[in-house]
Amino acid sequence: MKQKITVLGSTGSIGTNTLDVVARHPEQYEIFALSAATQVDLMLSQCAQFKPQFAVMASAPHARQLAEKIKQSGLQTQVLQERDALEVIASHPDVDAVMGAIVGAAGLPPCLAAARAGKRLLLANKEALVVGGALFMDTVRRHGATLLPIDSEHSAIFQCLPEDSSTWAERVDSLLLTASGGPFRQRDPATLSEITPEQACSHPNFSMGRKISVDSATMMNKALEVIEARWLFDMSPEKIKVVIHPQQIVHSMVQFKDSSVLAQLGTPDMRVPIACGLAWPERIESGAPVLDFAKLAALTFEEADAHRFPGLHLSWQALRAPEGTTTVLNAANEVAVAAFLERRLSFDRIHAVNLQTLESVQPGAVSSLEDLMALDARARESAAAIAGRWAR
Ligand code: NAD
Ligand code: MG
């Protein structure tokens with residue numbers, strides 16, 4: 001029996017890489033549904049290639065455009081336009097696995113719907129977990145969903161950890177997340193205010209979406225990943241460490257009580273963790289080139305510079321603060337990054353917006369998705385006002 005897959009965010013960097021892997025194994029996987037925000041023509045060509053039952057566009061005008069073009073081209077795909085369409089395709093009884101590859105907190109409701117429906121959930125959308133925290137993990141556990149990390153660092157850690165998760169607390173000393181350091185690892189910190197969106201989005205090793213590219217440049221991506229690791233592996237924040245590794249060959253490591261360290265290596269190609277998540281515990285061909293050790297130059301490691309990357313430490317700070325603080329941090333960062341990409345805020349002010357929003361928004365109790373989304377909205381409002389004060 002073929003596995004039926006829903007890809008949330010199919011037109012993005014992770015979405016298109018997922019479809020690339022799926023297309024290599026037509027005997028094993030078929031696409032049940034696809035979703036995107038605004039890229040109608042790419043979605044149309046994906047529908048023509050993968051013939052999903054359903055397609056969803058986040059914006060209503062784009063959904064109407066897609067429906068019209070699908071009709072003209074004679075395809076059978078149905079464009080769902082109801083408000084909860086993403087939740088419908090994430091939790092549909094016919095679906096086996098859901099790839100969460102939407103960027104930002106917008107991906108939380110459909111990922112939670114997949115978890116509630118007990119699906120196999122492949123999670124690239126780290127913001128969903130940063131915002132959802134304990135509630136997200138409780139939902140996964142209560143409904144017997146299988147959560148498989150797609151973020152390359154977390155896929156690496158997942159592969160290095162013992163299979164029996166009840167042994168982790170006892171055996172594991174620390175998780176070592178590797179970070180590329182982004183394009184400004186060696187740039188004079190005094191010049192960070194001059195960085196343009198084009199410079200921030202030109203990552204040395206990966207082609208990624210614009211938001212995560214900026215996050216990699218500020219190292220807020222690693223901050224989000226520390227929080228992601230805390231929830232995925234139920235590790236206390238002190239056991240999670242970050243080390244800079246510019247070559248991105250070692251994707252992350254686990255250090256055990258006896259000082260032994262296991263690492264997962266590979267070429268920097270997201271199809272590796274995607275294929276790993278799709279097939280786990282089996283292994284399938286991913287399309288990524290294999291590592292040629294004879295040609296590898298040195299693998300180097302260094303400490304993250306707290307002065308250059310002040311945002312990194314906000315993760316541990318937020319994890320020690322009351323629940324909901326990571327939701328506030330994520331919302332602030334989404335607002336600040338969007339303002340930077342729209343040239344309304346300078347690069348170095350992204351951290352300032354994050355810090356000030358954390359200081360000005362008190363989370364209160366969060367016990368439902370509605371509470372989280374309300375807190376997210378409140379934090380966005382506050383962050384927008386703070387960013388507005390520094391607008392260029
Ligand atoms: P991207 O910007 O390339 O793609 C995002 C996708 O989500 C697109 O299909 C877009 O149409 C859709 N989308 C955007 N906003 C939406 C909204 N409000 N509602 C519904 N759909 C929306 O991003 P990406 O680089 O593919 O990253 C996706 C997620 O995966 C992010 O959370 C990112 O942190 C994570 N991730 C990405 C990489 C990578 O290499 N690109 C690596 C690890 C983790
Ligand atoms: Mg990552």
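Modeller: Let's start with α10 and α14, which are roughly perpendicular to each other. Keep in mind that this is a predicted model.

Biologist: Okay, at what angle do α10 and α14 pack?
Modeller: Take helix α10, residues 210-218, and look at how its axis passes α14, with the axes 10 Å apart. Angles of 65 to 115 degrees count as roughly perpendicular, and α10 and α14 therefore get that label. The angle is about 100°.

Biologist: Which residues of α14 does α10 meet?
Modeller: By class, this contact has four nonpolar, two polar and four charged residues. From the α10 side come Arg210, Lys211, Val214 and Asp215. Their partners in α14 are Asn330, Asn333, Glu334, Val337, Phe340 and Leu341.

Biologist: Is α10 largely enclosed or open, and how many of its residues are buried?
Modeller: Buried means under 20% relative accessible area. Among the α10 residues that pass are Lys211, Asp215 and Thr218, and the cover over the buried ones includes α6, α9, α11, α14 and α15. α10 is largely enclosed by the rest of the structure, because the buried count is seven of the nine residues.

Biologist: And what about α6 and α14: which word describes how they lie to each other?
Modeller: Their axes come within 7 Å and cross at roughly 140°. Roughly antiparallel would need an angle over 145. So α6 and α14 are oblique.

Biologist: Which α6 residues meet α14 there?
Modeller: On the α14 side you'll find Thr326, Thr327, Asn330 and Glu334. The contact divides into two nonpolar, three polar and two charged residues. The α6 residues are Glu127, Val130 and Val131.

Biologist: Is glutamate 153 buried or exposed?
Modeller: The cut-off for buried is under 20% relative accessible area. Aspartate 151, at 8%, is buried. Glutamate 153 has 6% relative accessibility, so it counts as buried.

Biologist: Last one: how many residues does the largest nonpolar core have?
Modeller: Leu175 is one of the residues with the most contacts inside that core, and leucine 175 touches residues including Ile157, Phe233 and Val254. Apart from this core lies another, of 20 residues, among them Ile195 and Leu341. The largest core has 107 residues.

Technical notes. Residues are numbered from 1 along each chain as its sequence is written. Chains are lettered from A and ligands numbered from 1 in the order in which they are written. This is a predicted model: local features need pLDDT of at least 70, side-chain atom pairs count only at pLDDT 80 or more; totals for chains, interfaces and linings use all residues. Side-chain values use heavy atoms; hydrogens and water are left out. A nonpolar core is a set of buried Ala, Val, Leu, Ile, Met, Phe, Trp, Tyr and Cys residues joined through side-chain atoms within 4.5 Å. Buried means under 20% relative accessible area, exposed over 50%, partly exposed in between (1.4 Å probe, protein chains only). Contact means heavy atoms within 4.5 Å. Axes are lines fitted to C-alpha atoms, for helices over the stretch in contact, and angles run from 0 to 180 degrees between N-to-C directions. Helices (H or I, at least four residues) and strands (E, at least two) are DSSP runs, numbered from the N terminus. Angles under 35 degrees count as roughly parallel, over 145 as roughly antiparallel, 65 to 115 as roughly perpendicular and the rest as oblique. Ala, Val, Leu, Ile, Met, Phe, Trp, Tyr, Cys and Pro count as nonpolar, Asp, Glu, Lys and Arg as charged, and the others, Gly among them, as polar. Lists of a residue's contacts leave out its neighbours within four places in sequence.
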